[in-house]
Amino acid sequence: LPIELVTLSQTFLNGLTLSVIYMLFASGFTLIFGIMGLLNFPHGPIYAFGAYIVFYVMGWLGSSLNIYGLSIILAILFCGLVGVMMERFFYRPFFGQLAQQVSVALGLSLIFSGLTLVIAGPTEKGIPPIISGSANLGGIYLPYSRLIIIILSVVIMIGLLLLIKRTKIGYFMRAVTEDSWAAQLEGIKLTRVTMFALGLSCALAGFVGASVMTLFNLATPYMGGEVLSIALLVIMIGGLGSIPGAILGSLILGFMQSFSQTYLGGGAIAELVGFILVYIILLVRPRGLMGHE
Amino acid sequence: LHKDDWGSDCEEVIKKQERRKKKMEKKKLIMVVSSLGLIFALFAICLLTGYKVQAQPQPKTLKIGEILPYTGPASGWSAPITRVVKLAFEKVNKAGGMKIAGETYLLDLVSTDDEASPEKARACAERLIFREKVPIILGPTTTPSTLAIMPLAEANKVILCISSTGPVKFTECMFRLSPEWATAQSMPFFTYIAKQRPTLKKWIVMSRDDEGGRTTAAGGASSALASGLQVASVELFAQGTKDFAPTITRIMALKPDGIWMEATPPEAQAFITRQAREMGFQGIIGSSTMEPSTLLKTVTNKDIEGMMTCGSAFGSELDGYKADYVAKFGEWNDLAGKMVILPNATLKALGITKSLKYEDLKYAFENVGPIPVIGGLAKWGGAVRSSLNHQALVPLGIYECKDGKLVGIDNVVPSDPPPFRTLEEMKLK
């Protein structure tokens, strides 16, 4: 294939990988905003928990694809449980008091980051490549690790959308997102919905943290903060609280970053792209592309 | 209580109260006497021990400050640097301290974490200068932090032993006690490539998009050009980047023979190497600093094969130092070998200074003479590039990764860095 076409296709694949990672992380983050009206800051450190679980499990049991699969499941379960506990013991006592909940969220985020730092130490923790090699499609290289991330993420995203659109709990979540008081009047137990949503959201964060270990192989105590700032950009583009908005925002940001880095060069310019985009979108449509009034 | 009102029983009560009163007074007296006795005893003990301390003079303690990014994006560089210093200071303290200007001192390293942030670095420097009153600060190792604390050190007359890439121009109080990162490693590397592997003509230079990164990228590019090689592009990336696939896609379109990573943090080296190989890059990948090699080896696995770097000069001296280092810290990091200059120059300067005053210390550093390091003797240079001869010129070696191990292929005699040219001056940005 001509080099221009190879570069274009490769850039598209890179953008797709970035987008699906952002998509999963931002969906969980925006889900909580939709239901609880809360920016769940511990989402970042919980994402790092997922990565560290992979590091420790593979350190103890050895590095193989099966162990990696097991560590992903453990990450999902552990992070989901952390989400449930957070709702029950930290957010519920301050139900209806947004300022207090935001303070608690910030506090929990700091505590979780500090715990990671204390337990795992400040240096990066690396694991050997779990899935290596790539498919060569006429000069376009698709690493298998990225291919698996894309497939897994798409499957999970479809599952999440089906859960929200087609199941009873999804119906409850949508109802609470629309109007929590009306939902309560209809007999929906708000605490159960928030507990489930927070568990689900944190499980998603844990999954993303664990799955990116196959791409980057490194867990660092600060990885949560980096991805959290991207999630904020994504949900501001897509609209706060909207899962379809998070999907759209992730695709826009992922592709924009990939194309700008390839065609304009990396560095500070590529970093700025996301912020410029958010600025323009907020200027034109302050509630984001798919956000409600 | 009155007798008329309460009868004879009241008399008994009054007597009892009086007896109790007397007893209380006695108790009080005993308490006061015993307290005074205790205070006197304590005073006597203090006097006696004080006398003993005076009789057996203990060495004084000299606090030396250290500012390194123990946490944050450049944390990978801190452990080897501080370990090298600790190892040297421990040796001195075990021997009973060192003579500085006629008095014996134990060395106390006061470590602070700047998290590679200029604001935090300034706070660390303020603590070290005003609270700890250190005469010397070792570090920082990142350029933005160095730039942030330079005026503070200059104004308060504290010696700054930096190991960062920048600034290009030195101030009077500043000494770079590390190789001159911008060209010290890239020049021997590209000279070797031009001579030994002449088919590898077209190179990409990568570095961080910040002051230090741009300086080293410019150094790397100028070294390649000076060696008769071609620089297809200089790629700068934001600190903390994990996904290099878009940049590598851009690089692949230029069809280079090699990628040279300048001052690239260890985790970024791992990402670049692995992702470049996954995306089909088959040329040489080189790095000015390949550390910590354990992390790089773990993350890149087989992709590390063939990687080249410029490390500390190899030979029996390095092997001996490595053994001591590993015995103490359990792992080796090549940066440690290059950083031996930091404690060695500091200790040698402290050994010859007339006092701990700034002027005397500065004079001692400037006139320290050849400094023993791994692979020979280091000396001062850098006036052409940095206006003052405050740059340590350290012997280095070129390595290649074979069967997962770094194998030394050529030792290099250090030379004075050439005048600095920016990327813009070379029309590479």
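Biologist: Which residue's side chain meets that of Lys242(B) in a salt bridge?

Modeller: That would be Glu226(A), at 3.6 Å from N to O. A salt bridge here is a side-chain nitrogen of Lys or Arg within 4 Å of a carboxyl oxygen of Asp or Glu. Before we go on, this is a predicted model, where local features need pLDDT of at least 70 and side-chain atom pairs count only at pLDDT 80 or more, while totals for chains, interfaces and linings use all residues; side-chain values use heavy atoms, with hydrogens and water left out. Residues are numbered from 1 along each chain as its sequence is written, and chains are lettered from A and ligands numbered from 1 in the order in which they are written.

Biologist: Where do Lys242(B) and Glu226(A) lie?

Modeller: The pair crosses between chains: Lys242(B) is in the loop between strand 8 (230-237) and helix 8 (245-253) of chain B, and Glu226(A) is in helix 10 (residues 223-238) of chain A. Helices (H or I, at least four residues) and strands (E, at least two) are DSSP runs, numbered from the N terminus.

Biologist: Is Lys242(B) buried or exposed?

Modeller: Buried means under 20% relative accessible area, exposed over 50%, and partly exposed in between (1.4 Å probe, protein chains only). Lys242(B), at 14%, counts as buried, and Glu226(A), at 33%, is partly exposed.

Biologist: How many salt bridges does the structure hold over all chains?

Modeller: There are 20. One of them joins Arg83(B) and Glu331(B), whose closest N and O atoms are 3.2 Å apart. Arg83(B) sits in helix 3 (residues 78-94) of chain B and Glu331(B) in the loop between helix 11 (316-329) and helix 12 of chain B, so this pair ties together parts 248 residues apart in sequence. Another joins Glu359(B) to Lys157(B), with 3.1 Å between the closest N and O atoms. Here Glu359(B) belongs to helix 14 of chain B and Lys157(B) to the loop between helix 5 and strand 5 of chain B, so the parts tied together are 202 residues apart in sequence.

Biologist: Which residues of helix 14 of chain B are buried?

Modeller: In helix 14 (residues 358-366), they are Tyr358(B), Leu361(B), Lys362(B), Ala364(B) and Phe365(B). They cover an arc of only 160° around the axis, which puts them on the same side of the helix; the arc is that of the directions from the helix axis to the C-beta atoms. Their cover includes helix 5 (143-155), strand 5 (159-162) and helix 13 (341-352) of chain B.

Biologist: And the nonpolar cores: which residues touch the most other members of the largest one?

Modeller: A nonpolar core is a set of buried Ala, Val, Leu, Ile, Met, Phe, Trp, Tyr and Cys residues joined through side-chain atoms within 4.5 Å. The largest has 109 residues, and Ile46(A), Met86(A) and Tyr91(A) touch the most other members. Helix 1 (residues 3-36) of chain A gives the most to this core, with 13 residues. A second, separate core of 62 residues includes Ile64(B), Phe89(B), Trp181(B) and Ala364(B).

Biologist: What does Ser178(B) contact, leaving aside its neighbours within four places in sequence?

Modeller: Contact means heavy atoms within 4.5 Å. Among the partners of Ser178(B) are Ile162(B), Ser163(B), Met339(B) and Gln391(B). Ser178(B) is in the loop between strand 6 and helix 6 (186-196) of chain B, and at 0% relative accessibility it counts as buried.
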